[in-house]
Amino acid sequence: MPLGFVVAAVFLIFARPTWTTLAWGLVLVIPGLWLRGYAAGYVKKNAELTRTGPYAYTRNPLYLGSMSIAAGFAVAAGRWWLVVLLVAMFLAIYLPTILSEEAFLRGTFPQFEEYARRVPRLFPRLTPARFADAGPDAERGIGRFSPERYRHHREYNASIGAAALYAALILRMWLYRAHI
């Protein structure tokens, strides 16, 4: 977390957003927020191996959504080198996290090996993976979205944070223009 705050401070200090970059950034931020919210409504962390909904396409839809959001903010900032900074931050934070989570899932859920063989780690497959041991809905990869799980995971905070960061970028844009 401390690294994230440092990166956010550097991001805001050096960002040079325009209305155009802010609009293009939303093209990535909004789908990223949607994917995170959609995934949060499926996952039962540490209780079951979720293989339905977005988890039938990618093993890490929450991280994929976060990457999309970060890429959107990099575009919104209007500085190409911030993309490099965000990629480095993601590699430093998420790669070890993903590998650690996979080790936990491998040791906890016997069906994880088959899941890992059939569903890519990050970039999604085009069709949902199907599993013989799943129920009829899960076999089709649709599962059940749960608004209660979405609220339990407090995924709405991602949208609140994104709105706050967009407000900060707009303020940054106005302050930068006032000093030119």
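**Group meeting: helices and cores in a predicted model**

Let me begin with Pro-110, which sits in the loop between α4 and α5 (112–118), where helices (H or I, at least four residues) are DSSP runs numbered from the N terminus. What you have on the screen is a predicted model, in which local features need pLDDT of at least 70 and side-chain atom pairs count only at pLDDT 80 or more, while totals for chains, interfaces and linings use all residues. Residues are numbered from 1 along each chain as its sequence is written, and side-chain values use heavy atoms, with hydrogens and water left out.

Is Pro-110 buried or exposed? Pro-110 counts as exposed, because its relative accessibility is 73%, and the words here mean under 20% relative accessible area for buried, over 50% for exposed, and partly exposed in between, with a 1.4 Å probe and protein chains only. From Pro-110 to Ala-77 there are 33 residues in sequence, and 44 Å in space, C-alpha to C-alpha.

Now to α4 itself, which covers residues 80–108, 29 residues in all, and reaches 41 Å from its first C-alpha to its last, close to the 42 Å expected at 1.5 Å a residue; the expected span is 1.5 Å times one less than the number of residues. The helix α4 also has a kink of about 30 degrees, centred on Leu-91, the bend at a residue being the angle between axes fitted to the seven residues ending there and the seven starting there. Its buried residues are Leu-82, Leu-86, Met-89, Phe-90, Ile-98 and Glu-102.

Just after α3 comes Gly-78, with a positive phi of about 75 degrees.

Which residues touch the most other members of the largest nonpolar core? Among its 14 residues they are Phe-11, Leu-22, Val-29, Phe-73, Tyr-166 and Leu-169, and such a core is a set of buried Ala, Val, Leu, Ile, Met, Phe, Trp, Tyr and Cys residues joined through side-chain atoms within 4.5 Å. At least two residues of this core come from each of α2 (19–40), α3 (61–77) and α8 (156–178). Apart from it lies another core, of 13 residues, including Val-43, Leu-49, Tyr-55 and Val-119.

I will finish with Ala-56, placed in the loop between α2 and α3, which is buried because its relative accessible area is 0%.
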